[in-house]
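Please walk me through this structure. Start with its ring contacts, then turn to helix packing and backbone geometry.

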Amino acid sequence: MTISPSITISPLSATLLRPSHVDPNTSLKLIQFTFPAKPPSFSGNLRLLAASGKVRAKPKELILGNPSVTVEKGKYSYDVETLINKLSSLPPRGSIARCLDVFKNKLSLNDFALVFKEFAHRGDWQRSLRLFKYMQRQIWCKPNEQIYTIMIGVLGREGLLDKCSEIFEEMPDHSVSRTVFSFTALINAFGRNGQYETSLQLLDRMKREKILPSILTYNSVINSCARGGLEWERLLGLFAQMRHEGIQPDLVTYNTLLSACATRGLGDEAEMVFRTMNEGGIVPDITTYSYLVETFGKLGKLEKVSELLKEMESEGNLPDITSYNVLLEAYAQLGSIKEAMGVFRQMQAAGCMPNATTYSILLNLYGRNGRYDDVREIFLEMKVSNTEPNAATYNILIQVFGEGGYFKEVVTLFHDMVEENVEPNMETYEGLIFACGKGGLHLDAKKILLHMNEKGVVPSTKAYIGVIEAYGQAALYEEALVAFNTMNEVGCEPTIETFNSLIHTFARGGLFKECEAMLLRMDDCAISRNSGSFNGLIEAYRHGGQYEEAVKAYVDMEKARCDPDEQTLEAVLSVYCFAGLVEESEEQFQEIRALGIMPSIMCYCMMLAMYAKNERWDNAYELLDEMLTNRVSNIHQVIGQMIKGEYDDDSNWQMVEYVFDKVNSEGRNLGMRFYNTLLEALWWLGQKKRAAKVLNEATKRGLFPELFRKNKLVWSVDVHRMWVGGAYTAISVWLNNMYQMFRNGEDLPHLATVVVVRGHMEKSSITREFPIAKAAYSFLKDDVSASFSFPAWNKGRIVCQRPQLKKILSGSSNGSKRDEVITLSNSSFIRTRTPTNVVSGDQYNGAESETNGRRTRPELITNTV
């Protein structure tokens, strides 16, 4: 979606011209390494081995002294905390001996262990190694095996295997015995860096040196071998070996084997491991189920996980909620509603109560598939079951209904959230304001913004974009600018989306001067224009009658290497149609087709209106027939039949209302383009009564909220954002409504006003030449009365004083049976010849498949309706 900016002498332009599922942490992602087919021979000293197969995780920069890096107060004892801070501020060549002099005989080896762990947490292996080397030379703080083990772990994490081996081999020279802990640390160091064969050799060396491996040792070896790609049979051999030695596998062991199954797609093996795990009394966790789902998901056999869960249920070993949620999420990602609901009912039947995560998965699944009634039912079931919704649940609902076009319902959800004392987070506020912006609910957006301020929450850039959108949809230009400036004042940096939102806000009303000003602001902020920016600028120039500038903007777009999108092509077509350039319009329409894009409803309506204005009726009827025979988009068919009057009765009109609701769900921006082009086509095709009915449907759905305003002093119709056909329709309805009120005895206003231009150009005398201003003035002067005129105080208004208005309406009622000032009727369609070039819907099959890759709903969205 795009928008456009402009300039003004009013406060508006003066302001403008200033610069200014399953938690991913719980599932282990395995990394596979490639190793030689034959393991290298192992001989005593590990230094040569490490040198020949050195693996560094990543190069580390030298960490210099930084006194600003201090340890958290109270985390350690005073002496330990002081030593850490001193070492942290020590320059690379600073003396560790001087740092430690004051602590001599004060710190125990356990205290030093804490110091090493702190530096390990920071990744500061250089300081750790310097401290370790110093301690080796001292008597009072000579490292024990615990310190050696920690140091090997620190260096292993950095991929410094040669240093790990060196320290390990030095242990006997410093009278430190090697135990299972130091061996395990070294095994882990090699294993985590992809050298699983060395880990296996170290395991054999342990046994030769009569050091019994622990469960941690075996887990490290099995994990490194699984990650390194050791064949499954040898992995099972290690598993059997540890059991033979009396070491019972734990949860980590089984999860490591299951991760190997998941990586390799071993379904039967995963099933065997899982059953062995349950028989051994090991309780699975969320990681276990994640690996099972990953394994059988790859094999397309997710139902196998359900069977394994049922086995557990039948044995009285009820799986916990996470197991069902993991499987539920897997089905949800596949979009398998039936299977997901099967798992949901299975867990309920087993007596496992769903939690908020369970319901959130289902709500998101139904929402993504557009099944909004089911979303409501699931949410109601959630509340009835006394499962408390959390912020994540509400965020999903807000997103689902916001994207589905149920904007008012989104606001209702927020009120429900507040009543339930669920604390909104930034995602909540962004989703809410986004929905308000899309739906033009500026009052609700303002209230939510005030609520955020009361809570001390600073709105994000995305939230401000939603507010700007909401004001823009209601043509509240000053308020949109205030929101933009407030955003800058609170330190939120504007983005390309922020500027585009403002540009499109101005563009819809033809405020091209304001659009130009916003582009200058973008340049000041060093933000490059994109296709959205150019689309808005083209629309602004077109609506303001600056056709040459609009075409120039399109050329500039190509120079800036911005690829035009469907909206660009539609905007250029609208320029040619507005300007009455028939041949250019036809060429642009054919170019859209040539690109493999099926022209949208808006494109068809523009061409219909242009042909009708130029009395090229045969072309208009052929195009209309094309819409009726379109096999790809039933929305084209419905609109075509509606134009011809085939849906005028109430029962069939429901089909038209369905289309209008679809358009409404996509937001006000699309809605305005849709209704403007449709009204344009209807008016020029002589379907004026039908146009009035369509206009009523638009205003019922919140489009053009500024259209009709009434108070004791002024009755106005604001058509500055409408196309000519829509403006004629709106002015006719407005005059006819005024006439009915006059006949019913209501007092007339002091002033009747038609708003045709807003923004900076209201002050300019050239306003009269703007397309809408010129058309509205001619229409009123020729069809109503010459009493309507441009006042000196505002060139963007056409007004009529009360006395003249009374004469106009009295003249229409005296001695006349007319019920309307402007007669609105529908002309009949009369063909002069049979169309010869009706295009089959099959022509667009390629375009449909392409656009379907981007959007999920066929008819309306595929055609950018």
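F578 counts as buried, because its relative accessibility is 15%; buried means under 20% relative accessible area, exposed over 50%, and partly exposed in between, with a 1.4 Å probe and protein chains only. This is a predicted model, in which local features need pLDDT of at least 70 and side-chain atom pairs count only at pLDDT 80 or more, while totals for chains, interfaces and linings use all residues. Residues are numbered from 1 along each chain as its sequence is written, and side-chain values use heavy atoms, with hydrogens and water left out.

The chain has 43 helices and four strands. These are DSSP runs, numbered from the N terminus: helices are H or I with at least four residues, strands E with at least two. Of the 865 residues, 56% are buried.

Now the rings. There are 26 aromatic pairs in the structure. Rings of Phe, Tyr and Trp (its six-membered ring) pair if their centres lie within 6.5 Å; planes under 30 degrees apart count as stacked, over 60 as edge-to-face and the rest as tilted. F344 and Y359 are edge-to-face, because their planes stand at 70°, with centres 5.6 Å apart. F344 belongs to helix α18 (residues 337–349) and Y359 to helix α19 (residues 356–368), so this pair ties together parts 15 residues apart in sequence. Both F344 and Y359 are buried.

F578 also has a partner. With W723 it forms an edge-to-face pair, 4.9 Å centre to centre and 90° between the planes. F578 lies in helix α31 (residues 566–579), and W723 in the loop between β2 (714–718) and α39 (724–743), so the pair ties together parts 145 residues apart in sequence. W723 counts as buried, at 7% relative accessibility.

One aromatic cluster is formed by W653, F660, F674 and Y675. The charged end of K693 sits over the ring of W653, 4.0 Å from its centre. A charge sits over a ring if NZ of Lys or CZ of Arg is within 6 Å of the ring centre and within 35 degrees of the ring normal. R376 lies over the face of Y406, 4.8 Å from the ring centre.

Next, the helices. α35 (residues 634–643) is mostly covered, with seven of its ten residues buried. Among them are I635, H636 and V638. G645 follows α35 and has a positive phi, near 90°. E680 lies in helix α37 (residues 668–684). E680 counts as buried, at 4% relative accessibility. The C-alpha atoms of E680 and M607 are separated by 9.9 Å, although these residues are 73 apart along the chain.

Last, the backbone. Most residues other than glycine have a negative phi. Which residues depart from this? S175 has a positive phi near 60° and is not a glycine. S175 lies in the loop between α8 (161–170) and α9 (180–192), and at 69% relative accessibility it counts as exposed. F704, also not a glycine, has a positive phi of about 50°. F704 is in the loop between α38 (688–700) and β1 (708–710). F704 is buried, with a relative accessible area of 2%.
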